[in-house]
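Q: Please take a close look at a single part of this model. I would like one connected answer in plain terms.

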Amino acid sequence: MRNKIRIGIVGCGFMGKVHNDALRRIPQVEIKAVVDERADAAERFADTYNIPLIYKTYTDMLDSGEVDAIHNCTPNFLHYEVNKKALEKGIYTVSEKPLALDYKQAKELSDLAAKKHIPTAVGFAYRFFPLIQTIKEMIKKGDIGEVRLVKGEYLQDWLFYKKDYNWRLEKKISGESRAFADIGSHLCDTIEFVTDKKIKSLTADISTIHKTRLKPMEETLTFAKSQGESEHIAVDTEDYASVLGHLEDNIKGVFTVSQVSAGKKNGLRIEIYGSKASVIWEQEKPNQMWIGRRNKANEILLKDPSLMPKGARSYASLPGGHNEGYNDAFKALFTDYYKCVNGESSENIPDFVSGCRQLLVTEAVLKSNRTKSWVEL
Ligand SMILES: NC(=O)c1ccc[n+]([C@@H]2O[C@H](COP(=O)([O-])OP(=O)(O)OC[C@H]3O[C@@H](n4cnc5c(N)ncnc54)[C@H](O)[C@@H]3O)[C@@H](O)[C@H]2O)c1
């Protein structure tokens, strides 16, 4: 029997847990090590999940020779240095998005991975929802005809109040763009993935609703609420972005992103309008999609491998009526990735080239907002 691929998780916050959950369901891998800047968090994590090795720093982990692959679930500013060092060591590298703080860094990483022939992946897991795979297959087979219009939104409310705080509000940790880099990147990756068409040019309008926020004196993890004392900090990254885009083949697009929309929790929604039919899918109701037609009744397709196109079926891991969601999408992404590490190919994996691409889109959004003009990508 082949040895299991030994994985190290870097960062045990929100996404460290998501990666851990998904990886535990993949037989070809074992989680061998964990590291976090907060030593107590790493210890608790290792203890809870019976992970044998805990390191003090990510460098110690990468130098140890004990891991074949890493899952980089650290805050954005660390992605570049951790990913670079892992690639230099020949370690399989799965990074959370955004791949780096800017396009230049991301391109360097994707070039390095290509030079060293190391398979990579970025956490654009929405690609792996069974009905997203279904939409991709439907478009490929021509079921909705020629794609004419695409419309998408990704709306959340977890930064709705001035007192909501997270490291993403600080540019030096998160990067020049916040809402767009954080969730707009998922939206554009998903749209480009299902249509197989790239955004060629765009114009954007971004806005910061809360120009100052209250930062708690104590540390706050993603989605955690703080009750203690706080201080005012200036915020200069966007809460909201709207983008008009032109995609290849003259497809027109409109996208809205917000982290301050009350009631919207993880509201990723994509709408594709073709010359034969339309489709709509929402992340919060991921097991159903709407198919719209002009001359006959509209349909609701419930996720069911027996009703899904052949190419999408393997992405449903349960029969119809058995719901699948966010954690399952990560499991499907990592399953494809580790098959790829073992020599099989998959066109679906968002690799570092895809990660790099979304930083190009993000930088175009910032430039367009700054110059009040259309920007070519
Ligand atoms: N793909 C997705 O759907 C998705 C969703 C949420 C977040 N993310 C991405 O995942 C990344 C992590 O976000 P999160 O929400 O889990 O943040 P988080 O704050 O919950 O967790 C980050 C963890 O990294 C640890 N850390 C900080 N510095 C470290 C260091 N030097 N070495 C080791 N660990 C260190 C922190 O202590 C913390 O435990 C971000 O880049 C974010 O954009 C992706």
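Q: How many of the residues of helix α8 are buried?

A: This is a predicted model, in which local features need pLDDT of at least 70 and side-chain atom pairs count only at pLDDT 80 or more, while totals for chains, interfaces and linings use all residues. Residues are numbered from 1 along each chain as its sequence is written.

Helix α8 is mostly covered, with 17 of its 17 residues buried. A residue is buried if 20 or more other C-beta atoms lie within 10 Å of its own, exposed if 12 or fewer, and partly exposed in between, with C-beta atoms placed from the backbone. Helices (H or I, at least four residues) and strands (E, at least two) are DSSP runs, numbered from the N terminus.

Helix α8 covers residues 179-195. Its expected span is 1.5 Å times one less than its number of residues, so the 17 residues should span 24 Å, and the end C-alpha atoms, 23 Å apart, agree with that. Along the way, α8 bends by about 35 degrees at S185. The bend at a residue is the angle between axes fitted to the seven residues ending there and the seven starting there. After α8 comes D196, whose phi is positive, near 60 degrees.

Elsewhere in the model, an open sheet of 6 strands runs in the order β3-β2-β1-β4-β5-β6, with parallel pairing. Two strands pair if DSSP finds at least two bridges between them. The edges are β3 (53-55) and β6 (120-122), each with a single partner strand, so one side of each has no neighbour in the sheet. Within the sheet, β1 (residues 5-10) and β2 (residues 29-35) pair over 6 bridges in the parallel sense. I9 has V34 in β2 as its bridge partner.
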